[in-house]
Amino acid sequence: MIEEPLVATVLDAALRTGGDFAEVFVEDRRSSSGRLDDGRIEELGSGRSRGAGIRVVAGETTGFAHTADLSEPGLLAAAAAAAAAARGGGGGVRTVDLDRVEASPQPIGTRPEEVAKATKVELLRRADEAARAAGDGVRQVSASYGDSRRRILVANSDGLLAADDQTRTLFVVGVVASGDTGMQTGRRSVGHTTGFELFDRYQVEDLAREAADQALTKLRARPAPSGALPVVIGPGGGGVLFHEACGHGLEADHVQKDVSVFAGRVGERVASPLVSIVDDGTLAGEWGTVAIDDEGTPAGRNVLIEDGVLTDYLWDRLRADKAGRAVSGNGRRQSYQHLPMVRMTNTYLTAGDSDPDDIVADTPDGIYVAHLGGGQVNTATGDFVFGMTEAYLIEDGRITEPLREGNLIGNGPKVLELIDAVGNDFAMGPPGTCGKDGQGVPVGDGVPSLRVTELTVGGTAA
Amino acid sequence: MSELLDIADRVIGSARPGEQVEVVVGRSTSTEVRVYGGEVEQFASATSAGIGVRVVSGHRQGFAHAGTLDDDVLAETLAEARDNATFATDDEWLGLAEPDGVPVPELDLYRPGVDAVATEDKIQLAIDLERAVRAADRRIAGVDAADYADGVSEGVVVTTTGIRTVSRDANCYVSVSCVASDGDDTQTGFGFSVGRLPSELDVEAAAADASDRATRLLGATKPSSGRVTVVLDPYVTAQFLGIIGSILSGEAVLKGRSLFAERLGEEVAAPVLTLVDDPTNTLAYTASETDGEGLASRRNVLIDGGRLERFVHNAYTARRAGTTSTGNAVRGFASTPGVGCRALSLAPGAKDQAALLADVGEGVLISSVSGLHSGVNPVSGDFSTGAQGLCIAGGELGAPLREFTIASTLQRMLAEVAAVGSDLEWLPMRAAGLSLVVRDVTVSGS
């Protein structure tokens with residue numbers, strides 16, 4: 001991407017106004033995508049972006065500038081802009097000696113850029129055909145394919161030099177079904193930090209049929225109940241609950257500004273003893289997996305809650321330095337145009353001992369949620385909300401009728417206390433994009449079957 | 001600006017006979033300041049630019065984009081778009097926009113000056129904002145972010161079909177989020193002010209909004225479940241309009257994803273409701289002289305007195321629907337044009353919020369909603385979101401409420417609009433807000 005001596009020159013320039021810390025982040029990203037909708041291959045797209053983000057930290061102030069110009073003058077101009085925004089007391093000349101950190105990118109079987117476009121297009125057609133064959137009620141099908149290769153290089157004034165090469169491949173199917181009760185939607189997506197071998201592991205026909213079945217089933221759904229009820233969440237379908245209800249509140253930037261309900265509670269019991277939550281950027285091939293974070297720190301497996309006790313928060317460099325502790329590999333950014341901040345990678349609740357069938361059988365009346373949609377949390381109060389995209393009634397310990405969509409709401413710390421059963425059937429969920437402060441990054445999540453004794457279900461039925 | 005046109009012209013010059021080529025070039029400069037504890041926490045300044053190339057050849061479309069304007073990349077982008085087109089399905093309606101005779105309005109969206117304001121003055125606005133929030137109420141426990149940001153963006157669209165338009169705008173804003181505490185209870189609030197020059201920003205009003213939003217919810221409890229009349233605060237109404245706008249997209253209609261597909265000319269809302277999309281209104285944050293395909297922006301009445309009048313279209317969906325583009329192509333340089341509403345507003349009514357509350361008597365004021373993107377399905381119409389607000393009792397605001405949901409369907413909410421407020425305000429999104437009274441909404445609490 002850029003040569004090592006130039007990186008060192010740029011770091012020297014960035015420190016010229018007396019900054020305590022300087023960093024160069026270089027990114028070269030290529031992507032390709034295909035979209036089928038309404039029976040037509042509407043478009044194939046290709047994208048390319050490359051550039052560098054330079055930050056300088058002086059005291060409590062961070063200066064940042066980015067440029068798409070990777071020539072020496074372009075980089076030096078960005079370094080000067082970042083340095084001007086963060087002036088330190090001293091100034092002068094400092095020389096940085098770089099020391100390369102070894103990190104192994106995720107192994108890639110088949111490079112997506114070496115796969116013929118026609119092969120990618122064929123996947124879209126196969127998904128369309130399978131979804132339309134799934135039932136008479138199927139009215140509309142969309143399918144999209146995407147791959148990206150993101151090469152990054154990070155160097156900083158502590159002498160760190162590290163690189164990663166991240167390839168992700170994604171496939172999504174959306175179905176609209178229509179019947180006497182109106183229209184309903186179904187959706188399935190798979191995505192991994194892997195190459196085109198994704199399609200050895202998943203058949204697009206299966207995804208298409210599952211999306212169609214979800215939409216068709218919801219045609220006979222009744223309105224979701226309203227009020228507080230026991231909720232059983234299926235394996236892999238509800239990791240977003242822990243991402244929202246607890247993960248964001250454990251990000252050290254929220255904690256240090258005291259806008260997290262978990263601030264100052266390390267060592268305390270914050271959840272039911274059945275609950276252990278881990279953030280792990282090293283899980284092979286998962287959507288949120290990286291070799292290094294966007295500050296050059298190798299990804300790690302970080303236990304956040306162990307048997308109900310809060311053990312640690314998630315850290316980036318800025319926040320860890322302030323607390324005088326080690327980084328955890330959670331400094332991430334959307335692109336070279338963004339500053340890194342504390343972000344999750346793959347966040348999950350570990351498996352328990354219960355038989356998932358017993359969890360449902362022991363629930364006289366409640367809701368079974370097979371798939372949750374997106375969610376949102378207020379970290380300061382812990383109040384969260386997320387959508388149910390596939391849910392059923394539980395009556396007399398049995399899963400019965402499908403329910404229309406609705407939101408679930410609750411309070412993070414309260415819900416963690418109210419988990420009274422955790423299954424032995426752990427599964428990772430679909431790929432996600434986590435939004436924070438206007439930046440989106442790929443994240444994974446996972447859960448085994450579990451039961452929350454009470455969540456507020458926001459349906460329209462009495 | 002002429003530099004961007006030169007780049008676009010150069011790529012267009014490489015078009016081959018029989019192919020249509022569209023080039024979109026965008027460039028923006030921005031400044032972002034975040035203040036914390038009276039000090040600058042972050043200061044970012046940036047210029048970014050990019051190009052998007054669309055090729056339509058033999059009724060097939062291909063696209064490529066790049067986040068740089070380097071010469072080698074420009075040629076590669078055109079070649080990629082051309083290659084991508086060969087894999088698309090033949091579609092007789094495909095084609096670029098063509099000049100339609102509607103003159104491009106001259107709007108006052110760019111004022112030289114943002115770049116002339118000293119950095120220190122921009123930082124001072126954020127410092128003043130943080131201080132004003134802290135001083136607003138003794139229960140304000142913290143300000144987690146006080147921001148100032150500005151940006152100037154320029155764009156050109158040039159096609160082989162005769163489109164050659166430029167647009168430029170500048171805007172800036174301050175925004176703040178804060179935490180209020182009283183005993184064990186914690187609540188959050190936010191406030192902002194937007195303008196085209198820093199001198200237009202109202203720091204005091206933004207601070208007061210943030211403080212009020214946080215403190216008025218202290219002591220909030222869960223309401224009991226039931227069906228009630230709600231009054232949506234302007235900010236919530238604007239978010240609701242954004243969803244209604246997506247149902248009126250010509251693309252959703254053509255592809256069988258709009259619940260209004262068969263209802264043109266019918267009553268779809270209460271008679272008090274008139275919905276207009278007007279990106280030529282310079283008060284709108286998203287006002288712009290042209291749309292994403294370079295056609296003139298224009299005012300479109302979508303719902304008139306409750307009657308569905310019109311869907312919005314870009315060149316492709318219009319051609320396929322047998323009509324003309326309404327100037328509603330929306331995109332950045334990194335994507336092909338979609339279809340979307342650009343600056344929605346409701347025709348305001350006669351009464352302010354206080355008068356509406358007095359008319360309602362008993363109900364719930366919804367001051368904010370969360371989880372709109374996950375709880376509302378614009379295809380089925382199912383609507384369910386988390387909410388916070390205040391009880392309305394005896395025609396006045398009463399006790400604060402939290403941790404509940406409101407649910408209905410979009411169809412029913414539109415039909416049950418009982419009154420539209422007079423308190424229209426433009427917000428930093430594709431819609432304006434005002435108070436809206438909606439009957440028969442299900443509240444789920446305890």
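Two residues are taken to be in contact if their C-beta atoms, placed from the backbone, lie within 7 Å. The structure is a predicted model, in which local features need pLDDT of at least 70 and side-chain atom pairs count only at pLDDT 80 or more, whereas totals for chains, interfaces and linings use all residues. Residues are numbered from 1 along each chain as its sequence is written, and chains are lettered from A and ligands numbered from 1 in the order in which they are written.

Among the contacts in chain B between residues at least 6 apart in sequence, 71% join residues at least 24 apart. Chain B contains 10 helices and 20 strands, these being DSSP runs numbered from the N terminus (helices: H or I, at least four residues; strands: E, at least two). The radius of gyration of chain B, taken over C-alpha atoms, is 24 Å, close to the 22 Å that the globule rule (2.2 Å times the number of residues to the power 0.38) gives for 446 residues, so chain B is as compact as a globular protein of that length. Along the principal axes, its C-alpha atoms fill a box of roughly 70 × 55 × 35 Å. Of the 446 residues of chain B, 55% count as buried, a residue being buried if 20 or more other C-beta atoms lie within 10 Å of its own, exposed if 12 or fewer, and partly exposed in between.

Between the two chains, 59 residues of chain B are in contact with 64 residues of chain A. On the side of chain B that touches chain A, strand β2 (residues 39-57) of chain B gives the most, with 10 residues. That side comprises 16 nonpolar, 33 polar and 10 charged residues, where Ala, Val, Leu, Ile, Met, Phe, Trp, Tyr, Cys and Pro count as nonpolar, Asp, Glu, Lys and Arg as charged, and the others, Gly among them, as polar. Strand β2(A) pairs with strand β3 (residues 60-66) of chain B in the parallel sense over four bridges, pairing requiring that DSSP find at least two bridges between the strands. Within β3(B), B:A66 is the bridge partner of A:R48.

Chain A is divided into domain 1 (4-219) and domain 2 (226-458), with bounds that come from an automatic or database domain assignment. The contact between them takes 35 residues from domain 1 of chain A and 24 residues from domain 2 of chain A. On the side of domain 1 of chain A that touches domain 2 of chain A, β6(A) gives the most, with six residues.
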